[in-house]
Amino acid sequence: MPTRQKITISKRALVPLTGTRSYKTKGMKRINNLYEKICSIENLKLADSIARKGKLKKPEIIEHDKNKEENLRILHEMLKAKTYITSEYTIFTIYERKERIIFKLPYRDRIVHHAVMNILEPIFVSTFTADTYSCIKKRGIHAAGRAVVKALKNIPGTRYCLKLDITKFYPSVDHSVLKQLLRKKIKDTGLLWLLDGIIDSADGLPIGNYLSQYFANFYLTYFDHWIKEDLHVKYYFRYADDMVILSDNKPYLHQLLFDITEYLQVNLKLEVKDNYQVFPVKDRGIDFVGYVFFHTHILLRKSIKQGFARMLARNKNPQSIASYKGWAKHCNSKNLLKKLLHEPV
């Protein structure tokens, strides 16, 4: 972490959640009268149709469909009477570049999560700044990449990069803070009861829960507004908890790192991971959303290139090749494809 001896704490970093600061941003008005829409049979049927996409042969969906109308009616009555309780999770570990503990809920609960997001998604998205890209339609990985490329066209103004992320972000999300943040946006008591129950069903935010990605983005949304509207940071990009800030001033980025560290600790009970970096872009490139960005070109992230090579060594599966080619087409990869595929590009 940056040290107090070298950097002076900026008071602007300390913005208590209980304070009166109100961001004049579209969609910041508190919302009411949502719970009945979420609980409606029509919305539950829509949620069921979305939750099952691409999974029709799953045993749990086949079982659900044996008595689908009755199952949805019972779920509707439970939500209406507020007797619904989140089911027990099935927990397992996957290994994709790094170990991840995944939480899976029964199909009934996944219907509820989709029912919530059918109504809440546009409300959540209205609070997000234009500088965050995860779990937002038409604003994913490649949109984030395009935004970084556009910023890097200003070479003098983007000489240096601050790159950071948060230590064990999902497991570290504090329930009391998340609930307090939700109450800054939502005043519907029924909806808050439902969200509180889902939040308290596991420690932190369980990876694998459909709602977790939206809760995670929302958890940082007032931080995003602070970055943009209080600190007036011009070049800021966030994908989940992975953040990139560009500037022409290296000491400014070190000060900003300290301010961010203070804000996250005080307001959100989060810690900046100690692998943060402040560096010249021309020397290292910016490793972000699967690519490494320079002022003049873009490369594929090393781990993705290695995965591509390993896949080809095992089996040239056309679907897998198409997936990797999809990654490659957004960067300077002509020589890479020629080397790996041994064919003209």
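Student: Why is the charged end of Lys-184 said to sit over the ring of Tyr-222?

Tutor: In this predicted model, the charged end of Lys-184 lies 5.0 Å from the centre of the Tyr-222 ring.

Student: How many aromatic pairs does a search of the whole structure find?

Tutor: The search finds twelve aromatic pairs. One of them is formed by Tyr-89 and Phe-103, whose ring centres are 5.6 Å apart, with 90° between the planes.

Student: What makes the pair of Tyr-89 and Phe-103 edge-to-face?

Tutor: Two values are needed, because a pair of aromatic rings is described by the distance of the centres and the angle of the planes. The centres, at 5.6 Å, are within the 6.5 Å limit, and the 90° angle is over 60 degrees; the pair is therefore edge-to-face. The partners come from distant parts of the chain, 14 residues apart: Tyr-89 is in the loop between α4 and β1, and Phe-103 is in strand β2.

Student: How do you know whether Tyr-89 is buried or exposed?

Tutor: Its relative accessible area is 15%, which is under 20%, so Tyr-89 is buried.

Student: Why is the pair of Phe-223 and Tyr-236 called edge-to-face?

Tutor: The centre-to-centre distance of 6.4 Å is within 6.5 Å, and the angle of 75° is over 60 degrees, so this pair also qualifies. Phe-223 is in helix α11 and Tyr-236 in strand β4, 13 residues apart. Phe-223 is buried, with a relative accessible area of 0%, and Tyr-236 is buried at 0% relative accessibility.

Student: What is the count of disulfides?

Tutor: The count is zero. A disulfide would require a pair of cysteine sulfur atoms within 2.5 Å. As for individual cysteines, Cys-135 is buried at 16% relative accessible area, and Cys-161 is buried at 0%.

Student: How do you know that the reach of helix α12 is close to what is expected?

Tutor: Helix α12 has 19 residues and reaches 26 Å from its first C-alpha to its last, close to the expected 27 Å.

Student: What caps the N-terminal end of α12?

Tutor: Asn-249 does: a side-chain oxygen of this residue lies 2.9 Å from the backbone nitrogen of Tyr-252. Just after the helix, Lys-269 takes a positive phi of about 55°.

Student: Which elements do the buried residues of α12 pack against?

Tutor: They pack against β3, α8, α10, α11, β5 and β6. The buried residues of α12 include Leu-253, Phe-258 and Tyr-263. In α8, the buried residues include Val-177, Leu-178 and Leu-181, and the elements covering the buried residues of α8 include α5, α9 and α12.

Student: Why is Ile-111 called buried?

Tutor: Its relative accessible area of 1% is under 20%, so Ile-111 is buried. Ile-111 is found in helix α5, and residues it touches include Leu-44, Ala-47 and His-64. Ile-111 and Ile-50 are 61 residues apart in sequence, and their C-alpha atoms are 8.3 Å apart in space.

Note on methods: Residues are numbered from 1 along each chain as its sequence is written. This is a predicted model: local features need pLDDT of at least 70, side-chain atom pairs count only at pLDDT 80 or more; totals for chains, interfaces and linings use all residues. Side-chain values use heavy atoms; hydrogens and water are left out. Buried means under 20% relative accessible area, exposed over 50%, partly exposed in between (1.4 Å probe, protein chains only). Rings of Phe, Tyr and Trp (its six-membered ring) pair if their centres lie within 6.5 Å; planes under 30 degrees apart count as stacked, over 60 as edge-to-face and the rest as tilted. Helices (H or I, at least four residues) and strands (E, at least two) are DSSP runs, numbered from the N terminus. A charge sits over a ring if NZ of Lys or CZ of Arg is within 6 Å of the ring centre and within 35 degrees of the ring normal. The expected span of a helix is 1.5 Å times one less than its number of residues. Contact means heavy atoms within 4.5 Å. A polar contact is a pair of N or O atoms within 3.5 Å; within protein, one must be able to donate a hydrogen and the other to accept it, and residues adjacent in sequence count only if both atoms are side-chain atoms. Lists of a residue's contacts leave out its neighbours within four places in sequence.
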